[in-house]
Amino acid sequence: MMIAQNTVMALAEVVGLILQIYLWLIVGRAIISWVDPNPYNPIVRFVYSATEPVLEQARRIIPPLGGIDLSPIAVLLLIIFLRNLIVNSLYDFASRL
């Protein structure tokens, strides 16, 4: 039973870390959008390619308000919600094993 408990706890850690990294990618994308980035910079290209699919889906649901794109805020809130829901649920499940 201890192996199963540790496996679920490790899974919770990995999921939490992945969501945390993606959260910081969204924050980085928002900060990059404030300046005029070089579109050929590999870091800028990576951040845009990693975040654009999710932000595009959010833009379909939440249109820009007066030229302000609220999709990063919505995605950040969703990531925080999912991190709390999934990771805490996995930890609770592991504690019951």
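Helices α1 and α2 are roughly perpendicular to each other, because their angle falls in the range of 65 to 115 degrees that counts as such. The model is a predicted one, in which local features need pLDDT of at least 70 and side-chain atom pairs count only at pLDDT 80 or more, while totals for chains, interfaces and linings use all residues. Residues are numbered from 1 along each chain as its sequence is written, and side-chain values use heavy atoms, with hydrogens and water left out.

Back to the pair of helices. α1 covers residues 2-34 and α2 covers residues 42-61; they pack at an angle of about 100°, and their axes are 9 Å apart. The axes are lines fitted to C-alpha atoms, for helices over the stretch in contact, and angles run from 0 to 180 degrees between N-to-C directions. Helices here are DSSP runs of H or I with at least four residues, strands are runs of E with at least two, and both are numbered from the N terminus.

Which residues of α1 and α2 make the contact? From α1, they include Tyr22, Leu25, Ile26 and Arg29; from α2, Phe46, Val47, Glu52 and Arg59 are among them. Contact means heavy atoms within 4.5 Å. The residues of this contact divide into 11 nonpolar, 3 polar and 3 charged. For that division, Ala, Val, Leu, Ile, Met, Phe, Trp, Tyr, Cys and Pro are nonpolar, Asp, Glu, Lys and Arg are charged, and the others, Gly among them, are polar.

Next, the charged side chains. Side chains of opposite charge can pair when their charged atoms come close. The count is 4 salt bridges, a salt bridge being a side-chain nitrogen of Lys or Arg within 4 Å of a carboxyl oxygen of Asp or Glu. One of them joins glutamate 52 to arginine 29, with the closest N and O atoms 2.7 Å apart. This pair links distant parts of the chain, with glutamate 52 in helix α2 and arginine 29 in helix α1, 23 residues apart.

Is arginine 29 buried or exposed? Arginine 29 has 9% relative accessibility and so counts as buried, whereas glutamate 52, at 25%, counts as partly exposed. The cut-offs are under 20% relative accessible area for buried, over 50% for exposed, and in between for partly exposed, with a 1.4 Å probe and protein chains only.

Another bridge runs from arginine 59 to aspartate 69, 3.1 Å between the closest N and O atoms. Arg29, Glu52, Arg59 and Asp69 are linked in a network of salt bridges. Within helix α2, glutamate 56 and arginine 60 are 4 residues apart, about one turn of the helix, and their side chains meet in a salt bridge of 3.5 Å, N to O. Arginine 60 is exposed, at 60%.

Now α2 and α3. These two pack at about 110°, with axes 9 Å apart, which makes α2 roughly perpendicular to α3. Val54, Leu55, Ala58 and Arg59 in α2 meet Ser71, Pro72 and Val75 in α3.

Last, the whole chain. The protein has 3 helices and 0 strands. Its radius of gyration is 17 Å, well over the 13 Å that the globule rule gives for 97 residues, so the protein is more spread out than a compact globule. The radius is taken over C-alpha atoms, and the rule is 2.2 Å times the number of residues to the power 0.38. Of the 97 residues, 23% count as buried.

Conventions
Parallel < 35°, antiparallel > 145°, perpendicular 65-115°, else oblique.
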